[in-house]
Amino acid sequence: MERVKVRVKRVEGAEDLPLPRYMTPLASGMDLYANIQNDLTIEPGKYEVIPTGIQLEIPPGFEAQVRPRSGLAARYGITLLNSPGTIDADYRGEVKVVLINHGTQNFTIKRGDRIAQLVIAPVFRAEMVETDVLGETIRGNGGFGHTGI
């Protein structure tokens, strides 16, 4: 399994929180933790921006993807408003997570709760080449729902 080094810096006041880490040997995502001082309740249909207490230095050619935790989604309807969230290699601010409550009950987050997962992935930069003609495919212009329900 290939590894890439990502430098991580704790935000002042987040020294007690764990750094992102893989919870199993073959996990793709590392858990991110809530860097909040007081409990925070998200009502159904509402969202909150939750800081994680870390800043990243992602190497060129990579990005960090912030994704929902499946257990929070399945049990409580908690997911990310912008999923996956993208952290570019040149961003140096604190990583934050936009959680939304699609459930039917209030959801309370406590300091240090695992709120999302972080996946480090390679990025390919595209060169856009303008043309007047595109190659033909069977699908063609078929868009949303083109194969039926």
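Visitor: How much space lies in the largest pocket?

Guide: This is a predicted model, in which local features need pLDDT of at least 70 and side-chain atom pairs count only at pLDDT 80 or more, while totals for chains, interfaces and linings use all residues. Residues are numbered from 1 along each chain as its sequence is written, and side-chain values use heavy atoms, with hydrogens and water left out.

About 590 Å³ of space lies in the largest pocket. A pocket here is an open set of points on a 1 Å grid over the protein atoms alone, where a 1.4 Å probe fits, with protein on both sides within 12 Å along at least five of seven lines; lining residues have an atom within 4 Å of a point. The volume is the space filled by probe spheres set on the points, which are joined across faces, edges and corners.

The lining of the largest pocket is made up of 21 residues, and Glu2, Arg3, Val4, Tyr22 and Ile120 are those that lie nearest its centre. Strands are DSSP runs (E, at least two residues), numbered from the N terminus. By class, the lining has 17 nonpolar, one polar and three charged residues, where Ala, Val, Leu, Ile, Met, Phe, Trp, Tyr, Cys and Pro count as nonpolar, Asp, Glu, Lys and Arg as charged, and the others, Gly among them, as polar.

Strand β1 also belongs to an open sheet of four strands, in the order β1-β4-β8-β6 and with antiparallel pairing; two strands pair if DSSP finds at least two bridges between them. In this sheet β1 and β6 are the edge strands, each pairing on one side only. Strands β4 (residues 47-57) and β8 (residues 94-101) pair over six bridges in the antiparallel sense, and Ile50 has Val97 in β8 as its bridge partner.

The second largest pocket has a volume of about 170 Å³. Among the residues that line this second pocket are Pro60, Phe62, Thr86, Asp88 and Arg125, and its lining divides into four nonpolar, two polar and four charged residues.

Pro84 lies in the loop between β6 (78-80) and β7 (85-87), and a cis peptide bond, with omega about -5°, joins Ser83 to Pro84.
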